[in-house]
Amino acid sequence: MNTSAREEEWAEWMRRALDGDGQAYQRFLLAVTPHLRAMARRRCEQFGAPASEAEDVVQEVLLAVHLKRGTWDTTRPIGPWLSAIVRNKLIDSLRRRGRHVDVPIEDVMETVASDDEAEDAMNRLDAMNLLERLKDPQRDIVRSISIGGAGIRETAERLKMSEGAVRVALHRALKKLAALYRGEEYRSGRGEDE
């Protein structure tokens, strides 16, 4: 079976899985895992990472596929979406271990066009999940200014706050979002409030 036919079969299983077909999802995972493993090994070799790193990357990729499967655009090919996840998880893994990673532009170009929409959807979902972890009024302030494009004055008037209080709350909210994004809050054991 050629690559495009194989990927179309995977895509069809994933579409059915997204519609609630558990058996199709199981077939998808069983079929795609050896491909992910081979891809992870090639990427580990390419980046000079130990081969043992590949299996950890595969496990992280499978988890990401499971958690982010709703972000895959069913009208787009599934292969580039999977490749992007493998590449990103390997880079994340290497960075966690303190390695600097340079990704050759040629490696990225083949998937950039097809990855952009899936990546944007995943980033939007991640951002919305992070925003939900903020408390009011920080959440409202970030939505108003950073997402809605409102100004400090307009936001302050709407929330019946001073402009200074909005600026301070925005600064603290963005700092908290950055910490949540990097996972610092979990590693350091800090609570919700700083």
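So, α3: this helix has 17 residues, and from first C-alpha to last it reaches 25 Å. At 1.5 Å a residue you'd expect 24 Å, so the span is close to that. Keep in mind that this is a predicted model.

Which residues of α3 are buried? The list is E53, A54, V57, V58, V61, L62, A64, V65 and K68.

Now bring in α2, residues 22-47, next to α3, residues 52-68. Their axes come within 9 Å and cross at roughly 140°. Roughly antiparallel would need an angle over 145 degrees, so α2 counts as oblique to α3. The handedness of that crossing is right-handed.

Who's making the contact? From α2 you have Y25, F28, L29, T33, L36, R37, A40, R41 and C44. From α3 the partners are E53, A54, E55, V57, V58, V61, L62, V65 and H66. Sort the residues of that contact by type and you get 12 nonpolar, 2 polar and 4 charged. Looking back at the buried list, V57, V58, V61 and L62 are among the names on it, and those four also touch α2.

Last stop, Q138, over in helix α6, which runs 138-147. Is Q138 buried or exposed? It comes out at 18% relative accessibility, and the cut-off for buried is under 20%, so Q138 counts as buried. And what does Q138 touch, leaving out residues up to four places away in sequence? Its contacts are A169, R172, A173 and K176.

That's my bit, over to you.

How values were computed: Residues are numbered from 1 along each chain as its sequence is written. This is a predicted model: local features need pLDDT of at least 70, side-chain atom pairs count only at pLDDT 80 or more; totals for chains, interfaces and linings use all residues. Side-chain values use heavy atoms; hydrogens and water are left out. Axes are lines fitted to C-alpha atoms, for helices over the stretch in contact, and angles run from 0 to 180 degrees between N-to-C directions. Helices (H or I, at least four residues) and strands (E, at least two) are DSSP runs, numbered from the N terminus. Angles under 35 degrees count as roughly parallel, over 145 as roughly antiparallel, 65 to 115 as roughly perpendicular and the rest as oblique. A crossing is left-handed if the near helix is turned anticlockwise from the far one by less than a right angle, and right-handed if clockwise. Contact means heavy atoms within 4.5 Å. Ala, Val, Leu, Ile, Met, Phe, Trp, Tyr, Cys and Pro count as nonpolar, Asp, Glu, Lys and Arg as charged, and the others, Gly among them, as polar. Buried means under 20% relative accessible area, exposed over 50%, partly exposed in between (1.4 Å probe, protein chains only).
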